[in-house]
Amino acid sequence: MPPGDTSSGEPEIKSDEQIHHMRVSCKLTANVLKACEGIIKVGVKTDEVDEFLHELIISSNAYPSPLRYGGFPKSICTSVNDVACHGIPDDRCLVDGDIVNVDISVYYDGYHGDCSKTFLVGNVDEEGCYLVKSTEECLNECVSLCRPNVEFNAIGNHINEFCKGKGLNVIPAFIGHGIGTYFHGPPEILHFSKK
């Protein structure tokens, strides 16, 4: 099982070697996430998605970071419809119109990779499509903000303004986080306005 959190202290400034290892781990994580695109469909249980991705992660000589982390019982998170994040895969079949976020974290060669994607299952209503399209747009805009000498609060400020303009709400209970040899750590990235 991979190491746990480093939840306090200053953000770690990564060396070139650490960045290389993170890129490798993150690339594997992204490829695992991409592999699930074909199985997210009506009638599939999120447990089946978990089992499929668990086998793929293990066969890649990696470990699913969430498994046993803080007692979490599964290898991935699947958040369906109104579950904001960190949903636990179960035996419920996906139905036409569902929205499901698949959150994958992989521990490979001493480093964690972490990513997620929200999928539309079958015929999703206009409101659901609007939500998914808007959140992807906001994510891309926030990524474009990330560069040297930009304060972390620029991200939360942008999310807050974006959501206001789109008529959406922010859930302040969840934050972004750093990764590396640890699964969660500084910096904490708030998704709402704060100085």
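How far apart are the mean positions of the positive and negative charges of the protein?

1. **Charges.** The mean positions of the 16 positive and 28 negative charges lie 4 Å apart. Here Lys and Arg count as positive and Asp and Glu as negative, with His and the chain ends not counted; each charge is placed at NZ of Lys, CZ of Arg, CG of Asp or CD of Glu.

2. **Ground rules.** Please keep in mind that this is a predicted model, where local features need pLDDT of at least 70 and side-chain atom pairs count only at pLDDT 80 or more, while totals for chains, interfaces and linings use all residues. Residues are numbered from 1 along each chain as its sequence is written, and side-chain values use heavy atoms, leaving out hydrogens and water.

3. **Fold outline.** The protein has four helices and six strands, in the order α-α-β-β-β-β-α-α-β-β from the N terminus. These are DSSP runs numbered from the N terminus: helices are H or I with at least four residues, strands E with at least two.

4. **Overall dimensions.** Along the principal axes, the C-alpha atoms fill a box of roughly 45 × 45 × 25 Å.

5. Buried means under 20% relative accessible area, exposed over 50% and partly exposed in between, with a 1.4 Å probe and protein chains only. By that rule, 38% of the 195 residues are buried.

6. **V102 up close.** Leaving aside neighbours within four places in sequence, V102 is in contact (heavy atoms within 4.5 Å) with residues including L33, I76, T78, C115 and K117.

7. **Backbone points to check by eye.** The P186 to P187 peptide bond is cis, with omega near 5 degrees, and P187 sits in strand 6 (residues 185–189). N61 has a positive phi of about 60 degrees without being a glycine; N61 is exposed, at 67% relative accessible area. N149, in the loop between helix 3 (126–145) and helix 4 (153–166), has a positive phi of about 70 degrees.
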